[in-house]
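Student: I've got a model open and I'd like to learn how to read its packing. Can you walk me through it?

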Amino acid sequence: MKFAVAMPGTNHMPSTPAWSHELSARDARAVVATIDAAGYDTITTSEHLGMPHFEVPRLGPWWVHCLSQMAFIAGASERVRIDSTVLVLPYHHPLALAKALSTIDQLSGGRLNISVGVGHAVREFAVLGVPFEERGRRTDEIIEAMKVLWSEAEPVFEGEFYSIEGLAFEPKPVQQPRPPIMVGGNSKPALRRAARHEGWQPNPTDFTLADLPPLLDYLRSQPEYAAKEDTFDIFWLSGVPDLPSLSFGSSSESERAAFGDAVLEGVARLVPHGITRTSLPRVDTTSVGEFQEFLQWFAREVAPRT
């Protein structure tokens with residue numbers, strides 16, 4: 001099983017540890033270096049440009065700029081892949097977004113994943129002047145426009161919402177023909193969109209493993225999914241199921257061993273669904289140093305056994 005680490009400090013949701021709310025740039029670089037050196041598959045960040053007032057109690061007002069943080073992670077790392085959970089495509093013009101993403105892929109040496117969604121926060125769309133009901137069609141069009149920009153010497157794209165011509169576009173991504181595209185969302189349009197690309201993020205994660213089979217059956221029934229069985233990425237954002245709580249800094253060796261065994265049991269429940277990647281299990285930590293110790297312990301003692 002591959003493990004992804006959500007970058008601390010990306011948001012200040014009530015469920016995030018207090019120390020992550022005070023993360024300095026130096027500490028952030030140190031965390032990225034630890035994740036990178038420990039061998040984790042991915043570092044992720046997420047996107048909200050503004051938080052609707054009614055959502056602040058649940059999600060908090062603090063959300064960094066996703067593309068900026070992805071570029072920061074690229075510069076502070078050497079081997080780990082850089083991902084999002086997820087980029088909300090209708091917030092962006094395809095020309096500007098394609099430029100940002102190809103630049104990140106260039107600067108990272110080809111380590112970019114592009115995980116996308118249509119968005120759900122109606123107020124963000126209203127402030128941006130983007131009709132909420134157009135978000136699915138815009139998402140599909142933005143993806144197709146970016147593919148043209150990344151692949152053609154003299155790109156020309158004409159769609160319902162965007163028209164691009166008469167421009168040179170460089171740099172192209174290092175990864176050719178393009179970085180992998182993963183799609184978040186659980187609707188049938190999202191599943192069809194995922195089948196056309198390289199992966200799926202069940203997102204939002206307000207359902208259980210028991211709810212997955214019919215969604216997977218639908219995704220795998222799409223003609224565009226054919227021949228992707230061995231390469232398709234399914235990223236289970238909810239993490240390993242049914243883990244005991246663990247206060248890492250004060251835990252004993254036996255408590256850590258029991259936690260590790262529970263991780264193995266939980267991963268064994270994910271694998272039959274074709275899940276290839278999941279989130280680093282959450283444990284209680286009291287400082288950035290303790291979090292780094294947990295990262296190193298998990299990578300050394302648990303992840304190799306999964």
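Tutor: We'll go through a helix, the nonpolar cores and one arginine. This is a predicted model, where local features need pLDDT of at least 70, side-chain atom pairs count only at pLDDT 80 or more, and totals for chains, interfaces and linings use all residues. Residues are numbered from 1 along each chain as its sequence is written, and side-chain values use heavy atoms, with hydrogens and water left out.

Student: How many residues does helix H1 have, and what does H1 pack against?

Tutor: Helices (H or I, at least four residues) and strands (E, at least two) are DSSP runs, numbered from the N terminus. H1 covers residues 25-38, 14 residues in total. Buried means under 20% relative accessible area, exposed over 50%, partly exposed in between (1.4 Å probe, protein chains only). Buried residues of H1 include Val31, Val32 and Ile35. Contact means heavy atoms within 4.5 Å; the buried residues of H1 pack against strands E1 (2-6) and E2 (42-45), plus helices H3 (66-75) and H10 (288-301).

Student: Which residues have the most contacts inside the largest nonpolar core?

Tutor: Nonpolar side chains tend to be buried together in soluble globular proteins. A nonpolar core is a set of buried Ala, Val, Leu, Ile, Met, Phe, Trp, Tyr and Cys residues joined through side-chain atoms within 4.5 Å. The largest one here has 72 residues, and those with the most contacts inside it include Ile35, Trp200 and Phe298. Among the residues Phe298 touches are Phe3, Tyr40 and Leu280.

Student: Is Arg193 buried or exposed?

Tutor: Buried, with a relative accessible area of 5%. Arg193 lies in helix H7 (188-195) and touches Asp140 and Val183, among others.

Key:
Expected span 1.5 Å × (residues − 1). Lists of a residue's contacts leave out its neighbours within four places in sequence.
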